[in-house]
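Please examine the sequence and the three-dimensional model shown below.

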Amino acid sequence: MLAVAVFLAYLLAIAIIAYYGAKRTKTVADFVAASGQLGFWTYCLLMIGSVFSGMTLIGVAGLAFTTGYANVWERIIGPPFAIAFGTILIGYKLFNLKEKNGILTIQDYLAYRYNDPKVIRILAGLISAVTCFVYLIGQYTAIGVVSYVVLGIPYWMGAVIAAVIVVAYVMSGGMFSTAWTTFLQSILMLFGIYITVPFIIAWVGGFEGMNQALLMLPEMQNATRGVAEDFMFAKYLSKPFAPASVPLAGWVYNITLFGITVPLGLMVAPHIVNNMLTFRKIEYTRWGPLVMYVIGFSAIFLTSLAGIAARVAWAEGMIDIPNLTLGSVEVKWSDMAYPTIASRALPYWLFVLLLPTILAGVMSTTDRLILTAANNISYDVLKNALGKNLSESSLKKINMLVVPLIGFGSLAIALFPQNLLAWFIWAALSLMTNCFFFPIMLGLYWKRMNKHAARLSMVAGFVVTLLTFAIYGKTIFIAGIPVYSVLPGFIASLAFAVVVSLLWTEKS
């Protein structure tokens, strides 16, 4: 009953905040970018909430359960790096441009920078909508997981309930509702992480005891404890990375996944760049990055420790991680690590706080993704690129159709969960990196970059990335070394951006 009461209280708080956000929303600028009027802490927590999602609270813990410290790079140069340096490198440069030119979205900027109001806006808008759609699948997976563990309701039901709630308040209030609800959600998320993880670590013997147990895990585990895949990384759990020949945990794989995909993809992700157009004063780019990095790093690292603690507890027989059947193969559902160990390690009154903690983390990203994808179609493509003479009331009606289409369409795919939530997120980030990084960053810092190069860089990055994943899956091998599949698209996007800029001038 207490868990249900906490769940209902959380939903009520979100509903009240969303209602006032809807009342504050009067214009298209309000709906799309809060008219650039967000304060310091609202902006910082919006950024944190937009990247620390199901990937952080479920996916990162699941990754730590699988590979231990071998992917510590994720925690150091991943989401915290992206939002901190994104604000410095992109938000600072865009501030004066948005004030002078009425820029509300990244597509607005690209159209202005490259003097290309139609083609590049349509390309960027459609690619953005696709990547946000893929990203959303992972968020619903996280919601379903925690609803099942904490409330005991079916996975699908938890995901559906959350989808209905988020779709409703995004339709009504746009960015103001999204930013204000994210403010509360980020506070709940951070509070929950900071409170629950120390209890979890203490339950497995404290930090030192946990690390000692981690060192002995390769000897403790045997084939009767699970399937062979569960032990692939056992001997690397206590190391900062594995040899180059090892997928996921190897140092080469780490560079391509956690050195390129995660930090660069998040830095230029459309919903993150659009956030950088919402803050009120340029002075926020001074201390905001430091605040975001310190808070972000501490939260994501603690979540990783919860996953490592779950691996130790599972190996010692203290908890049992549920199985997930993928085709004919049964594997450990590593994304269940954090909520599963929390259910055993925490007092019940504290365990129920995990529900709003994870829901807050997931929904704070879900709403931002839905809003971004909807604006891509209604504001960027229909109104601006295709030149439709749409009134503000017409745009609102279009969003009433587009928001639920995106929200519930991605939900339908999420009802069939995968083993590691992080793979969904990384696939979306691969597309974001290879489609947007060079058109945005070279557009801001290299005068020679032109619209032809930007267009072809986007198309090449998108096509090559999709083909690579379709043909090889998430891993390719170069001279026998496993590399994350982002690399071919990254090279193609860079090559087209630089070569075309040098050979094809604006006059041609």
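Predicted model: local features only at pLDDT ≥ 70, side-chain atom pairs only at ≥ 80, totals over all residues.

Residues are numbered from 1 along each chain as its sequence is written, and side-chain values use heavy atoms, with hydrogens and water left out.

In soluble globular proteins, nonpolar side chains tend to be buried together. A residue is called buried when its relative accessible area is under 20%, exposed when it is over 50%, and partly exposed in between (1.4 Å probe, protein chains only). A nonpolar core is a set of buried Ala, Val, Leu, Ile, Met, Phe, Trp, Tyr and Cys residues joined through side-chain atoms within 4.5 Å. The largest such core here comprises 146 residues, and Ile90 and Ile440 have the most contacts inside it. Contact means heavy atoms within 4.5 Å. Apart from residues up to four places away in sequence, Ile90 touches Phe85, Met267, Val268, Val273, Met276, Ile440, Met441 and Leu444.

Cysteines also deserve attention. Cys44 counts as buried because its relative accessibility is 0%, and Cys435 is buried because its relative accessible area is 0%. The structure holds zero disulfides, a disulfide being a pair of cysteine sulfur atoms within 2.5 Å.

Helices (H or I, at least four residues) and strands (E, at least two) are DSSP runs, numbered from the N terminus. Helix α14, residues 337–345, is mostly covered, as seven of its nine residues are buried; among them are Tyr338, Pro339 and Ile341. Ser501 belongs to helix α20, residues 487–503. Ser501 counts as buried because its relative accessibility is 1%. Beyond its neighbours within four places in sequence, Ser501 contacts Trp446, Arg448, Met449, Asn450, Ala453 and Phe496.

Met318 lies in the loop between α13 (284–315) and β1 (323–326). Met318 is partly exposed because its relative accessible area is 22%. With neighbours within four places set aside, Met318 is in contact with Trp203, Ala313 and Arg344.

Finally, two strands pair if DSSP finds at least two bridges between them. Strands β3 (residues 475–478) and β4 (residues 481–484) run antiparallel and are joined by four bridges. Phe477 has Pro482 in β4 as its bridge partner. The two strands form a hairpin with two residues between them, and Ala479 in the turn has a positive phi of about 55°.
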